[in-house]
Every structure is written in C-alpha cells, then in structure tokens.
Amino acid sequence: MWTIPNLLTCFRILLIPVFLVIYYLPGPEAHFWAAVVFAIAGLTDGLDGYIARKFNQFSKFGAFLDPVADKVMVAASLVVVVEDYAAWWISIPALTIISRELVVSALREWMAQIGRQEQVKVSNLGKWKTIAQMVAITGLIWEANTFVVITATVLLYVAFVLTLWSMWEYLRASWADLSKVE
C-alpha cells in the first residue's frame, strides 16, 4: 500500500491545507508561494501516475485516492480563484470544471458498478484538460502581472472547452447503458 505513487498522492492531499493557509497569508508573496505549492501538487499528480505505470505499482488504494486528491485540490484552488477574481468570466468555467468532475466521477462509479468501467476510462483528452487547467490555475493564483493573468485566463477557457468536450465523450461512450429502460 505504501508505494511511492501512493505516498505522492498522500503528499498531494497534505498540500491542500498548506496551499490554503499560504494563499490567505497577508503579504505580497503569498499568492506566489501558493502557486508554487499548487504547481508542486500538479507535478506530483503526473509523477505518481508515471511511476505507477513505469514500475507497475498499482493498488486499489491508489486507484481510489489519486482521483480524490486531484479533484479536491482542483476544487479548492478554483474556489479561492473564484473568490479572488469575483467575476463571471472566471466563475462560469470554474463551476463547469468542478461540475464536470462530479458528473464524470459519478458516471465512472456507476459504470464500474455495472461492470462497464472500460467505457469511461481516462482518455488523452482528459489528460490535456488536466494540464491546461493546472497551468491556468497556477497562473490565476500567482497573478504576477497582466500577461500571466491573461495567459492563464485563456488556458482556463481551453480547459473549459476540453472539460465540456471530454464530458461529452464520456457521456456519449456510456449513453447506451445510461438510456436503457429496465
């Protein structure tokens, strides 16, 4: 159970309160350091999956905890970003991303219950969405300058489009099972 991928996932979960505390500290450097913590969490997400595949270190514990850690970190960061910017043009994609995570998680759980989890396994589209959203959120947290904020906002909208697209693909792949009349 205590493989390197699982330890990295647990570390990522521990970074969530660290991220939040740093984000709300007074001072001009708080958002920079919060962005660093968020970026480290994002990198551990990619690293734990790489190590698990490379060294065949898969576990049921990791399969459960890894997506939970990802979703909680993204949701926590998007909540503080929405609070900070207080603008519809940030709130709408943020809410859509959080909602998509809930819908796809529920869909995956349901599909697993009926033995059809292969229909909704993680796709490359989902991976690109994750990369775009992680980079976007990091920039929105950091708020270094206008260029960073504009670039991060554009990437947030790229993540927004990929979010809708990937959710559509997952729903399309499972529609035959979802629409069955019992």
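This is a predicted model: local features need pLDDT of at least 70, side-chain atom pairs count only at pLDDT 80 or more; totals for chains, interfaces and linings use all residues.
Numbering runs from 1 along each chain as its sequence is written, and side-chain values use heavy atoms, with hydrogens and water left out.

## Aromatic pairs

There are 8 aromatic pairs in the structure (Phe, Tyr or six-membered Trp rings with centres within 6.5 Å; stacked under 30 degrees between planes, edge-to-face over 60, tilted for the rest). One of them joins Phe19 to Tyr23: a tilted pair, 6.0 Å centre to centre, with 45° between the planes. Why do Phe19 and Tyr23 sit about one helical turn apart? Because they are 4 residues apart in helix H1, residues 4-24 (helices are DSSP runs of H or I, at least four residues, numbered from the N terminus). Phe19 is buried at 0% relative accessible area (buried is under 20%, exposed over 50%, partly exposed in between, with a 1.4 Å probe on protein chains only). Tyr23 is buried too, at 4%.

Phe32 and Trp33 make an edge-to-face pair instead, 4.8 Å centre to centre and 75° between planes. Phe32 is partly exposed at 28%, and Trp33 is partly exposed at 47%. Back with Phe19 and Tyr23, ring pairs tie them to Tyr24 and Phe38 in a cluster.

## The largest pocket

The largest pocket holds about 1,200 Å³ of space. Its lining counts 39 residues, and closest to the pocket centre are Asp45, Asp48, Asp66, Asp70 and Val122. (A pocket is an open set of points on a 1 Å grid over the protein atoms alone where a 1.4 Å probe fits, with protein on both sides within 12 Å along at least five of seven lines; lining residues have an atom within 4 Å of a point. Volume is the space filled by probe spheres on the points, joined across faces, edges and corners.)

H1, H2 (30-54), H3 (60-85), H4 (88-113) and H5 (124-142) each put at least two residues into this lining. H5 supplies the largest share, 11 residues.

## The second largest pocket

Next comes a pocket of about 330 Å³. Arg108 turns up again in its lining, along with residues including Pro67, Lys71, Ser105, Glu109 and Val122. H3 and H4 are the elements that give two or more residues, and H4 gives the most, with 4.
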